[in-house]
Amino acid sequence: MTSDNNASRRQFVNGMLAGALASCVTRGAFGAESRAIKAIAADKGILFGSSVGAGRPGTLAGSFNDPRYLEILKTECSILVPENELKSYVIAAERDRYNFEPGDRIAEFAKTNGLKLRGHNLLWNRAEYTPKWLIEWFGAQNAQEGERWLREYIQKVCTHYGDQIHSWDVVNETVEPKTGEIRETPFTRVLGFDALRIAYEAARESAPHAQLVYNDYMSWGAEDEKHRTGVLRLLQQFKARKVPVDALGIQSHLGSGAGQHREWKAFVDEVVAMGYRLLITEFDISDKDVSGDLKARDTRVAAVARDYLDMMFSYRQLDQVLCWGMVDKYSWLQRFSPRADKAPLRPDPYDDLYQPKLLREAIAAALMSARRR
Ligand code: XIL
């Protein structure tokens, strides 16, 4: 056989394989790009993944209980993140007992299927997302006791999951968007800035192999300017005080409006100039304010995604992209920020019949055109 023949034969076989994969996952077409997203991402040195929630069956955050959701994760993803299961409101819901059970189930699934795992999060510096007992108890402690608790909690959680966690959101959302200042909570009232420093130091000590991330939702909207400035100031403080933070997690919960390209680029430029790596940690695009039929809504969502991802992938420091859910019906946005007309939102790459949408195509296409890192 000539080499020409070999090449066309190889092409034919590759085409057959891709076609078989596409049809067994979805029955529908993947659009222009038929390979799994994780494979396209891997070619570029990028990990692609999603959150998954082990909430009670039937609840919104219960995607882990849906076998078809798990099939999508296995096909498309190389990395997962538990949606709520590693938060203090699950692990430390009760004062005298660490509850690792739901997190362990997701960790086990990741291990069995060869998927990496992110940890989210060790210190969510917001009282409303912290167990009540802890808020009350912590607020009554002196700095020494506060530090002791924080170090012990982080040590217990980090060592429980050990090397399995590739990357930890150590501190989540500590910048107040309206002022750009560090949020006031019992943690910061008792410990000040040290609450953050201690969290990263404890994480580095107990999870020496993990990437340590500061995660927040500052974004490219005009209304986010104060938030961005506050996050930059915080990242500078981390550097000045030698706090071991490796990367900025950009949540990327986007709306359907156009972003501020120049301002956003200036922000990300500054972040990487300080030496931080980048992650997209919680990608979704709300179609809350998009009118028209489903096609029009999906088209808008996909266009925003492509625009945003093209810009983000131009940064070689970005090597992990995770969606905050793969199938619309499990999206947190359905409850957190519903549409006025009560129609279900379509913020994720797959629809409620587990069919890939234009958003999936946009993610795949943006990855295809990204440079290798
Ligand atoms: C959300 C979950 O998706 C919901 O199930 C839960 O009720 C509240 O938290 N930013 C974050 C995530 O850092 O932890 C949030 O997740 C979404 C916004």
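You are looking at a predicted model, in which local features need pLDDT of at least 70 and side-chain atom pairs count only at pLDDT 80 or more, while totals for chains, interfaces and linings use all residues. Residues are numbered from 1 along each chain as its sequence is written, and side-chain values use heavy atoms, with hydrogens and water left out.

**Stop 1: helix 3**

Select residues 67-76 to see helix 3 (helices are DSSP runs of H or I with at least four residues, strands are runs of E with at least two, and both are numbered from the N terminus).

An α-helix has 3.6 residues a turn, so residues three or four places apart point the same way.

**Stop 2: the ligand**

Click on the ligand, which sits in the largest pocket. Here, a pocket is an open set of points on a 1 Å grid over the protein atoms alone, with protein on both sides within 12 Å along at least five of seven lines; a molecule sits in it if more than half of its atoms lie within 2 Å of its grid points.

Around the ligand are 14 residues, of which E83, K87, H120, E282 and W324 come nearest (near means that a heavy atom lies within 4 Å). By class, this shell has five nonpolar, five polar and four charged residues.

- H120: a polar side-chain atom is 2.7 Å from a ligand oxygen.
- E173: a polar side-chain atom is 3.1 Å from a ligand nitrogen.
- Q251: an N or O atom of the side chain is 3.3 Å from a ligand oxygen.

On its own the ligand exposes 410 Å², and the protein buries 86% of that.

**Stop 3**

N121 is found in strand 3, residues 116-124.

Then select K242, in the loop between helix 10 (225-240) and strand 6 (247-250). K242 has a positive phi of about 55° although it is not a glycine. Is K242 buried or exposed? It counts as exposed, because its relative accessibility is 72%.

Move on to S252, in the loop between strand 6 and strand 7 (253-254). S252 is not a glycine either, yet its phi is positive, at about 70°. With a relative accessible area of 1%, S252 is buried.

**Stop 3: two buried polar side chains**

Go to T188 in helix 8, residues 186-191. T188 is buried at 12% relative accessible area, and a polar atom of its side chain lies 2.9 Å from the backbone nitrogen of T185.

Finish at Q334 in helix 13, residues 333-336. Q334 counts as buried because its relative accessibility is 17%. Its side chain has a polar atom 2.9 Å from the backbone oxygen of D328, and one 2.9 Å from the backbone nitrogen of L345. Q334 and L345 are eleven residues apart in sequence, with their C-alpha atoms 6.1 Å apart in space.

Key:
Polar contact = N/O pair within 3.5 Å; in protein donor to acceptor, adjacent residues only side chain to side chain. Areas by Shrake-Rupley, 256 points an atom, 1.4 Å probe, with all protein chains shown as cover. 1 Å grid on protein atoms, 1.4 Å probe; cavity = no way out; pocket = protein on both sides within 12 Å on 5 of 7 lines; lining within 4 Å. Nonpolar A, V, L, I, M, F, W, Y, C, P; charged D, E, K, R; others polar. Buried < 20%, exposed > 50% of the residue type's maximum accessible area, 1.4 Å probe, protein only.
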